[in-house]
Amino acid sequence: MSHRSVSVSSNASSSTAGNPGAQAPQKSRIRLPRVPFWAQILLGLVLGALLGWAARSGDIAWLGTALDRIGGTFVQLLKLAVGPLVFFAITVSITNLRNVSGAARLATRTLLWFMATSLIAVAIGLGIGLLTDPGQGTGLSPKDGARPESSGSWLDFLTGIVPKDVITPFTELNVLQIVFMAAVAGIAALRIGEKAEPLLSFAEAALALLQKALWWVIRLAPLGTLGLIGRAINEYGWNLIGQYATFTADVYVGSLLVMFGVYPLLLATVARVNPLQFFRGAWPAIQLAFVSRSSVGTMPLTQKVTERLGVPKEYASFAVPFGATTKMDGCAAVYPALAAIFVAEIFGVTLGIGDYLLIAFVSVIGSAATAGLTGATVMTTLTLSTLGLPLEGVGLLLAIDPILDMIRTATNVAGQAVVPVLVSAREKILDLDAFHSARSFDIDEADSDAGPGPEGADGAGRRRGGPATATA
């Protein structure tokens, strides 16, 4: 009788001892619900706004300094990986094209679609600017402007492609020169053939390492968002939005029209796929772009969602890095068009049809000069200098820039995912099963996949032995 009264745990222990292959029952543990990444981002936005307001209204210096350090450190961490990430991503992506039939045709069509969508975006920006006159009634004057420390020009753009040495582009973060060196290295590796395999293996391993490290930075986005939003509100306050109300609304409306008007129309008519399904799969990258304000920083996630949407891995690994450095419908199309009209109205300069055509030309051709980092100062100065407008006008825009850069970057990244889907669909290489099964996912789930590097997926971007959902 006493033997039967032994506790359940004792029976379990003796049973486990008698049967080494058996597993002891685990004690139940209380697990706190995991906060989704989008909720963390939203919390960072709200807390950042509140802390920024508190720091400004209460003149709390230490809080303002803390917000500035948090936001600045997050951006600096993104910049730290940009140079080598762009180099290895472009190099590997070019060599991956050897596994894609009709690679030259794919590359050409990708570039043409980049230019076509940029032209549409700049037309929308010009149309909104002409209808709303964003520079009128702001209370701003030319004396409020300030000439930027650095500016872009066509001479700098054309002569600055070729670097003077191989180190400076990485230390000064000249993305265009890094892209040039990476393209040369990739093409040379293709021509050499098997002798370049050790170098390519190293490049793929380095790319996987950098992307994994960047995932860790991405996970800090909620904290970075808190610092960036808080710093902007502490420095400029809410009154600033009132002065730039029309201009801010124009940039957001123009970007949203491109993202939720032009792109869905192209997806439905050109690619003949469901636009809602596209946004369902691409939303994690668009969301991160909005808060990080960095196309290059978002690049690993953009490539992941693009492959999940059924774009072949070899082609996606070329189109996404290429787009992250040159495809800027928000920063290099909608925004410069509105900025040019805004500055012209502040300085009392009348623009004609020829000037508007120049704006379109700069937006389509000069977007490669815009680094995939926070801010669009280079593109703005390039546009203003081409039109002969005072560069001091850039100083009028810097104050509101952090708020505008969020929607601009989100539009950039959405376009960087749309074009590979369009081209793949037209070339009939889009995996429709993967597209239809693509879904939004949490950042923790993305990081727990096989990893953003070359391993873990076959040529179609599908998980080996798994379902049709693509993964990186």
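1. Helices are DSSP runs of H or I with at least four residues, numbered from the N terminus. This is a predicted model, in which local features need pLDDT of at least 70 and side-chain atom pairs count only at pLDDT 80 or more, while totals for chains, interfaces and linings use all residues. Residues are numbered from 1 along each chain as its sequence is written, and side-chain values use heavy atoms, leaving out hydrogens and water.

2. Taken as a whole, the protein chain averages a pLDDT of 79, and 78% of its residues score at least 70. Over residues 12–16 pLDDT stays under 50, and the model has four contacts for them beyond four places in sequence; a contact means heavy atoms within 4.5 Å. Residues 450–472 are also below 50, with 62 contacts in the model beyond near neighbours in sequence. Where pLDDT is low, the predicted coordinates should not be read in detail.

3. Have a look at helix 2 (residues 37–57), which holds Val46. Val46 is partly exposed, at 43% relative accessible area. Buried means under 20%, exposed over 50%, and partly exposed in between (1.4 Å probe, protein chains only). Together with Trp38, Leu42, Leu43, Leu47 and Leu50, Val46 makes a nonpolar surface patch of about 590 Å². (Patch residues have over 30% relative accessible area and no salt bridge; nonpolar side chains, meaning Val, Leu, Ile, Met, Phe, Trp and Tyr, are joined within 5 Å, and like charges within 9 Å.)

4. Gly354 sits in helix 16 (residues 353–365) and is partly exposed, with a relative accessible area of 46%. Its C-alpha atom is 9.5 Å from that of Leu387, 33 residues apart along the chain.

5. Now the charged pairs: the structure holds eight salt bridges, each a side-chain nitrogen of Lys or Arg within 4 Å of a carboxyl oxygen of Asp or Glu. One of them joins Lys327 and Asp329 at 2.8 Å, N to O. Lys327 is buried at 1% relative accessible area, and Asp329 is buried at 0%. Glu307 pairs with Lys313, the closest N and O atoms being 3.7 Å apart, and both of these residues are buried.

6. Arg408 and Asp401 form another salt bridge, with 3.1 Å between the closest N and O atoms; both are buried. Shared partners link Arg293, Asp401, Asp405 and Arg408 into one salt-bridge network.

Methods. pLDDT is the predictor's confidence in each residue, from 0 to 100. Accessible areas come from the Shrake-Rupley method with a 1.4 Å probe; for residues, only the protein chains shown count as cover. Helices (H or I, at least four residues) and strands (E, at least two) are DSSP runs, numbered from the N terminus.
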